[in-house]
Amino acid sequence: MSGKTYKKTNLIGESPDSIEAAVETALKRSAQKVRGQEWCEIKDIRANVNESGGVDLWQVELQVAFVVES
């Protein structure tokens, strides 16, 4: 049988540094618990705005696709 089957799950990563760091936070933490991550889709990006008008925290919602093993 050729081809792969995937299961997708939602994750939300946070970082005070950047959007990319928030994505990496979610993916690295997930990789510690589940194997087979192959790709992800960014679904939403949010930022917590502080009183000075800066960003205190980035949040990125993503769907991660895992290979379903046979």
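Predicted model: local features only at pLDDT ≥ 70, side-chain atom pairs only at ≥ 80, totals over all residues.
Start with the layout. The chain has one helix and three strands. Read from the N terminus, their order is β-α-β-β.

Next, the overall form. The C-alpha trace spans about 55 × 20 × 15 Å along its principal axes. The radius of gyration is 15 Å, whereas a compact globule of 70 residues would come out near 11 Å.

How much of the chain is buried? Of the 70 residues, 19% are.

Now contacts. Take those between residues at least 6 apart in sequence: 63% of them join residues at least 24 apart.

On charge, there are 9 positive side chains and 11 negative ones. The centres of these two sets are 11 Å apart.

Where does Trp39 lie? It is in strand S2, which covers residues 37–49. Why does Trp39 count as partly exposed? Because its relative accessibility is 35%, and partly exposed is the class between buried, under 20%, and exposed, over 50%.

Leaving out residues up to four places away in sequence, Trp39 touches Tyr6, Lys8, Gln63, Val64 and Ala65. As for Ile19, it is 20 residues from Trp39 in sequence, and their C-alpha atoms are 17 Å apart in space.

That is the end of my part.

Conventions. Residues numbered from 1 in each chain as written. Heavy atoms only, no water. Helix = DSSP H or I, 4+ residues; strand = E, 2+ residues; numbered from the N terminus. Rg over C-alpha atoms; globule rule 2.2 N^0.38 Å. Buried < 20%, exposed > 50% of the residue type's maximum accessible area, 1.4 Å probe, protein only. Contact = heavy atoms within 4.5 Å. Lys, Arg positive; Asp, Glu negative; His and termini not counted. Charge placed at Lys NZ, Arg CZ, Asp CG, Glu CD.
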